[in-house]
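Colleague: I should like to learn how to read the features of a protein model one at a time. May we take each general idea and then its case?

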Amino acid sequence: MRYLIIGNSAAGVFAAETIRGLDPDGQIRMISNENCLPYSRCLTSYYLGNEISEEMMYIRDKAFYSETGIDFQVGHVERVEPKSNSVLLDSGEIVTYDKLLIATGSSPFNPPLEGSDVEGIFELRTLEDAKAVAKFAPNVKSAVVMGAGLVGLKGAHGLHELGINVTIVGSAPQVLRHSIDVESAGILTRLLEEDGYRVLLNTKVAKVLSEEDADGRMSVSGVLLNTGEQIPCQMIIRAVGVRPNVKLVRDSGISVNYGIVVDEEMQTSVKDIYAAGDVAEAFNLLSDEKGVNAIWPSATEQGIVAGCNMAGVKRKYPGSLAVNSAVISGVGIISAGVVNLQPGGGSVLRASEPEKNFYRKFVIKDGHLVGMIMVGDIEGAGILSGLIRKKAKVDINYLNQMLIHTIEYPRYLPVERGGQ
């Protein structure tokens, strides 16, 4: 059996390992446009801020490909051609397969911006992006980060760790608008501002200002906001949003909505072609609707499920659950599931002590915990996300206790002492 995997991040790596475990003799070929070992994109901002080394970013060592018998190739896939069971690379090479996994992830989406064709403007998606920002950073005193989502805040953190003055510009009325609610966002905004960041919400960058540098090149000198304010800076990081990398399947017959549509086995609308990770549009655990859930745990689980089915072992994907976690200005935050209810959609339990950087919110629907937010003391978040994932019935009194007390994991006595 000839397996072809496009992409070498979480979904691709876990799929490849699963296939190899189930089919020791199959031929596995992996194509990636990044010439490096698999690494965690979640850690790029920590690498940028000199908090971790490059080696700490890698999720597999140098022997990974040889030990698993994977034929790794650097290249860019231009097009998938299902009728001939092949893909076309930008080099002109044609690669054939029996089973194909598309794990191409997503790429930054940046709307047109006047004046953006100058030096000093970056994205922070890949390891190479982080290296480019780090190389440019010694010339920077002030930077503007466009975007107040998780990628933008983490990028701002990396620059802040380098001693750069950072202004965060977000078009939404709050930070992390897709992950948390207004009240918890208010706590985080205050923490950021106390830590030296400037946070501008309901605001957009209208134009990049530039000047000629010592080498005769045009580089960033500031931004003009839609409010009319000008902010001097020498660097801009664009973190407005991302979109799934679906271009390679256009006009292929593979069903695409926002991402590549897959079934519960991670198979696309075309037999023997699978998709997983940030590019895949799979079932949501709570809504039973399909969508892209671009987080690391979903990518790994989807990769494993795809790998099983590609190797002939039937396995169903239970559905994705949105879980986001971060540490903002030294304070932990985690959210899972539904964090903002529609009117009449259920009930909410809430405990808030903003002055102590403490906030908890539990969202309940039909007797089930369907969402939660924790800021500050996040101990026990795994218990709560587990309850959400299992769609377990919960006791309101139990949740009320959890609102204000430290959540402890169950303790079990050793068997010889009567435990189980």
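Colleague: What should the 13 residues of helix α1 span at 1.5 Å a residue?

Modeller: This is a predicted model. The expected span is 1.5 Å times one less than the number of residues, so for helix α1, which covers residues 10–22, it comes to 18 Å. The end C-alpha atoms of α1 are 18 Å apart, in agreement with that value.

Colleague: Where do residues other than glycine have a positive phi?

Modeller: The background is that most residues other than glycine have a negative phi, and most peptide bonds are trans. Ser 329 has a positive phi, near 50 degrees, and is placed in the loop between β22 (323–328) and β23. Asn 357 also has a positive value, near 55 degrees, and belongs to the loop between β24 (347–353) and β25. Lys 391, which follows helix α8, has a positive phi near 55 degrees.

Colleague: Are Ser 329 and Asn 357 buried or exposed?

Modeller: The cut-off for buried is under 20% relative accessible area. Asn 357, at 19%, therefore counts as buried. Ser 329, at 25%, counts as partly exposed.

Colleague: What do the buried residues of α8 pack against?

Modeller: Helix α8 covers residues 381–390, and its buried residues are Ala 381, Ile 383, Leu 384, Ser 385, Leu 387 and Ile 388. They pack against β23 (331–337), β25 (358–365), β26 (368–375) and α9. Helix α9 spans residues 396–404 and contains Asn 400. Asn 400 is partly exposed, with a relative accessible area of 32%.

Colleague: How many aromatic pairs does the structure hold?

Modeller: A pair of aromatic rings is described by the distance of the centres and the angle of the planes. The structure holds three such pairs. In one of them, Tyr 65 and Phe 72 are stacked, at 4.5 Å centre to centre with 20 degrees between the planes. The pair counts as stacked because planes under 30 degrees apart are classed that way. Ring pairs also link Phe 64, Tyr 65 and Phe 72 into a cluster. Tyr 65 is buried at 11% relative accessible area, whereas Phe 72 is partly exposed at 21%.

Colleague: Where does the charged end of an arginine sit over a ring?

Modeller: The charged end of Arg 243 is placed over the ring of Phe 109, 3.6 Å from its centre. That of Arg 60 lies over the ring of Phe 14, at 5.2 Å from the centre.

Colleague: What surrounds Arg 125?

Modeller: Arg 125 is in the loop between β9 (121–122) and α4 (127–136), and is buried, with a relative accessible area of 17%. Beyond its neighbours within four places in sequence, it contacts Arg 41, Thr 44, Ser 106, Pro 108, Val 242 and Asp 278. With Asp 278 there is a polar contact between the two side chains, at 3.1 Å.

Colleague: Where is the pLDDT below 50?

Modeller: The protein averages a pLDDT of 92, and 96% of the residues score at least 70. Over residues 411–420 the pLDDT is below 50, and this stretch has four contacts in the model beyond near neighbours in sequence. Where pLDDT is low, the predicted coordinates should not be read in detail.

Note on methods
Residues are numbered from 1 along each chain as its sequence is written. This is a predicted model: local features need pLDDT of at least 70, side-chain atom pairs count only at pLDDT 80 or more; totals for chains, interfaces and linings use all residues. Side-chain values use heavy atoms; hydrogens and water are left out. Rings of Phe, Tyr and Trp (its six-membered ring) pair if their centres lie within 6.5 Å; planes under 30 degrees apart count as stacked, over 60 as edge-to-face and the rest as tilted. Buried means under 20% relative accessible area, exposed over 50%, partly exposed in between (1.4 Å probe, protein chains only). A charge sits over a ring if NZ of Lys or CZ of Arg is within 6 Å of the ring centre and within 35 degrees of the ring normal. Helices (H or I, at least four residues) and strands (E, at least two) are DSSP runs, numbered from the N terminus. A polar contact is a pair of N or O atoms within 3.5 Å; within protein, one must be able to donate a hydrogen and the other to accept it, and residues adjacent in sequence count only if both atoms are side-chain atoms. Contact means heavy atoms within 4.5 Å. pLDDT is the predictor's confidence in each residue, from 0 to 100.
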